[in-house]
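Please keep the sequence and the structure open alongside the text.

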Amino acid sequence: MTNLAIELNSISKSFGPVQANKDIDLAVETGTIHGIVGENGAGKSTLMSILYGFYVPDEGSINVFGEPLEFNSSQKAIEAGIGMVHQHFMLGEPFTVLENIILGAEGGFLLGGAMSKARKALLDLSERYGLSVDPDAVIGTLPVGVQQRVEILKALYRGAKVLILDEPTGVLTPQEADALFDILRSLKEQGTTILLITHKLHEIMDVTDRVSVIRRGEMVGHRETAATSPEELAELMVGRKVLLEVDKAPAQPKDVALSVRNLDYVDERGIQRLSNVSFDVKAGEILGVAGVSGNGQAYLLEVLSGMHTATGGAITINGEPLASTPDTVRGQSIGHVPEDRQHMGLVTSFPAWESGILGFQASALYCNGGAMKTKAIKDAMGALMEKFDVRPPNPLLGTAKFSGGNQQKIVLAREIDKAPDVLLVGQPTRGVDIGAIEFIHRQIIAMRDAGAAILLVSVELEEVLSLSDRVVAMFDGFCSPDRITAETDERSLGLLMAGEFERTTSEGMAA
């Protein structure tokens, strides 16, 4: 017998010339919560995919509860007692909870007996682990926090003794995240071993017993959580010291630059996406918009940037009505960093110098009588890439060849360089490494200090609370009253994100 649930020895995996994992050793004790951290592309997901049978390692060995195993399918991993809850849930939304639980484990053509047996097992598991779920509820009607419980129950139903969770709090409110961690502690107390992949270092500190750090495909450190700090973990992840706290002076707000009053938006299918949204953003301040993804924030940015036309209400920029198209909105000194950089902020098939002028290509800076000033554009983009620390600073390189963080820097450089009066920023650090996050935050603060009015949309509460001077929350297309960020904490903001505020339609009726 061994006290190790998982033991990985000298695991290596390459995809063509890319070495995703190199000689990785990992030991996970039974009945513990073990964190795995690292920058994007460090090799965390590849390593967990090897453990779960998605990939076969080129070299190395795997022991599960002391038994050597060779996985070449997820089914074999499940049979060995390994379950995985993916970042994007693998559930059939039209099906019930019970139907999802047995999907793939029906046990034959006659489902009646299997359903009855599964119902009893599901109720037993729910009671044992505090995972209360209605077996007959349709998945598509359930909040994301409950859907995640279903994923955990599905793994437990299949006999999981080791549970891998990949970025489990990405779509949860703080209250839902706290409930999840209570469940993980309960699972741990009853002997389940948990591997937690997350980029949120405070979660590592709160819930794990040990943590391992991967950098550029190699394991660079193992720590007892109680004996480390977020600062040490960040340094191990990046290879240098990282400033985790946003360093900023108090805002010096001036006149209102962006005013939104009673804004409604109904999409082309007749669905109400925004309802009676009102707020102001002053020059020299950042207004943060918090909320679980899918509550109207993306539509808000798209209406304010001219991509959609509001169906009610008023928007003014420096006292003038918002223009009607993205091109004319640009002329009102509005910058826009969209939530989805690859589909809305860049053309990945273009070289960086072309992506770096999108939206400004008709400007006299870059165009003369219909002819592009190609050399001037390339020279300007090269200098801009140096200024914004884009790596490599090569304007000729294809946009698709840059990492996600460097693609984000290209978009930010393009928008910030024009010094707009109003900057709309959606998910500024989504999929961005911790070192690049520090740089991006500094640029946003510098824009504020230079007098820009910034509307910041982020699902990362830490980001909203650390960058914003005032904050609102969105829920189901409605917007809460604003609060001073310094007088707000994650708990109270989480309640607003869950809709705990008075919501009225533009006609004044409570919703």
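## Two helix pairs

Axes are lines fitted to C-alpha atoms, for helices over the stretch in contact, and angles run from 0 to 180 degrees between N-to-C directions. On the helix 14 side the contact is made by Q408, K409, L412 and I416, and on the helix 15 side by A436, F439, I440, Q443 and M447. Contact means heavy atoms within 4.5 Å.

Helix 6 (residues 174–189) packs on helix 17 (residues 490–497) at about 110°, with axes 8 Å apart, which makes the two roughly perpendicular. Here P174, Q175 and D178 of helix 6 meet E490, R491, G494, L495 and M497 of helix 17. Helices (H or I, at least four residues) and strands (E, at least two) are DSSP runs, numbered from the N terminus.

## Basis of the model

The model is predicted: local features need pLDDT of at least 70 and side-chain atom pairs count only at pLDDT 80 or more, while totals for chains, interfaces and linings use all residues. Residues are numbered from 1 along each chain as its sequence is written, and side-chain values use heavy atoms, with hydrogens and water left out.

## Helix 8 and its cover

Helix 8 covers residues 230–238, and L233, A234, L236, M237 and V238 in it are buried. Buried means under 20% relative accessible area, exposed over 50%, and partly exposed in between (1.4 Å probe, protein chains only). Their cover includes helix 7 (201–207), helix 15 and strands 3 (33–38), 9 (210–215) and 10 (218–224). After helix 8 comes G239, with a positive phi near 90°.

A77 lies in helix 2 (residues 74–79) and counts as buried because its relative accessible area is 0%. Leaving out residues up to four places away in sequence, A77 touches L51, Y52, G53, F71 and I82.

Y55 sits in the loop between helix 1 (44–51) and strand 4 (59–64). Its relative accessibility is 33%, so Y55 counts as partly exposed.

Terms used. Parallel < 35°, antiparallel > 145°, perpendicular 65-115°, else oblique.
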